[in-house]
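Please walk me through the structure below.

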Amino acid sequence: MNRYNFPRKKSVALLLDPDKIGGDSLLSIIKVAAENRIDYVLTGGSLTFNSVDGLIDTVKMNCSIPVILFPGNLLQLSFKADAILLLSLISGRNPELLIGNHVIAAPFLRNVKEKLISVGYILVGCGTKTSVEYISQTEAIPSDKPDIVVATALAGEMLGLHMIYLEGGSGAITPVPPAIIRSVRDNISIPVAVGGGLRNKEEIKKTFEAGTDLIILGNGCEKNPGLLADACKIRDDLQA
């Protein structure tokens with residue numbers, strides 16, 4: 001997979017956390033993802049109780065969807081994925097998540113540079129403190145401060161990042177507001193991904209229409225696999 005073609009316009013990704021899904025539930029959701037032509041499967045999570053390698057192997061054995069590593073920490077680094085998101089938490093000021101972990105990971109990743117996709121990770125406050133905020137020891141940018149979100153996204157693009165990810169956080173009460181997405185989309189030229197808090201097709205449609213290139217679905221699909229079908233239908237309708 002050519003990293004510079006990631007993501008294809010109007011794409012849908014399923015984020016699978018090795019600590020939250022496995023066994024028959026994993027096989028079932030992979031089947032639904034394949035049937036609905038999900039563009040990508042992302043693998044990773046905030047903690048590391050289970051091996052991400054095992055999850056990647058299972059996905060690859062059961063479908064042909066490209067697998068992209070979404071590492072929550074250094075213990076989740078793996079060469080098995082088709083691509084690796086090199087995440088920099090640019091909404092926070094934790095130096096380890098801005099550059100420190102990247103320095104440690106660089107020697108490990110230097111021979112797979114063609115797989116790396118540098119991503120500016122921006123947490124947007126969406127109603128509750130999320131696992132990402134707690135683990136990262138950073139605060140999300142308040143959703144009523146769109147100017148700060150836009151300025152942060154602009155800085156990420158100017159630093160040479162390949163994509164901006166606006167994240168409401170796992171279990172967010174509400175999704176990232178469409179007005180924020182639209183403001184970011186109007187001000188940067190690199191792809192915009194959005195995830196967190198998307199629980200129904202109306203929210204997904206509004207998120208796409210606001211200018212999102214890649215929608216990332218996670219917890220909502222574990223409880224409602226039909227959400228994948230809804231997201232892919234909306235994707236296809238908007239590109240028809």
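Ser118 lies in strand β5, where strands (E, at least two residues) are DSSP runs numbered from the N terminus. The model is predicted: local features need pLDDT of at least 70, side-chain atom pairs count only at pLDDT 80 or more, and totals for chains, interfaces and linings use all residues. Residues are numbered from 1 along each chain as its sequence is written, and side-chain values use heavy atoms, with hydrogens and water left out.

Ser118 has a relative accessible area of 14% and is therefore buried; buried means under 20% relative accessible area, exposed over 50%, and partly exposed in between (1.4 Å probe, protein chains only). Not counting residues up to four places away in sequence, Ser118 touches Leu86, Gly160, Leu161, His162 and Met163, contact meaning heavy atoms within 4.5 Å.

Turning to the rings, the structure contains 5 aromatic pairs. Rings of Phe, Tyr and Trp (its six-membered ring) pair if their centres lie within 6.5 Å; planes under 30 degrees apart count as stacked, over 60 as edge-to-face and the rest as tilted. For Phe70 and Tyr121 the centres are 6.0 Å apart and the planes are at 70°, so this pair is edge-to-face. Phe70 sits in the loop between β3 (67-69) and β4 (83-89), and Tyr121 in strand β5 (residues 116-123), so the pair links distant parts of the chain, 51 residues apart. Both Phe70 and Tyr121 are buried.

Phe70 also pairs with Tyr165: with centres 5.8 Å apart and planes at 80°, the pair is edge-to-face. Tyr165 belongs to strand β6 (residues 163-167), 95 residues from Phe70, and is buried, as is Phe70.

Technical notes: Helices (H or I, at least four residues) and strands (E, at least two) are DSSP runs, numbered from the N terminus.
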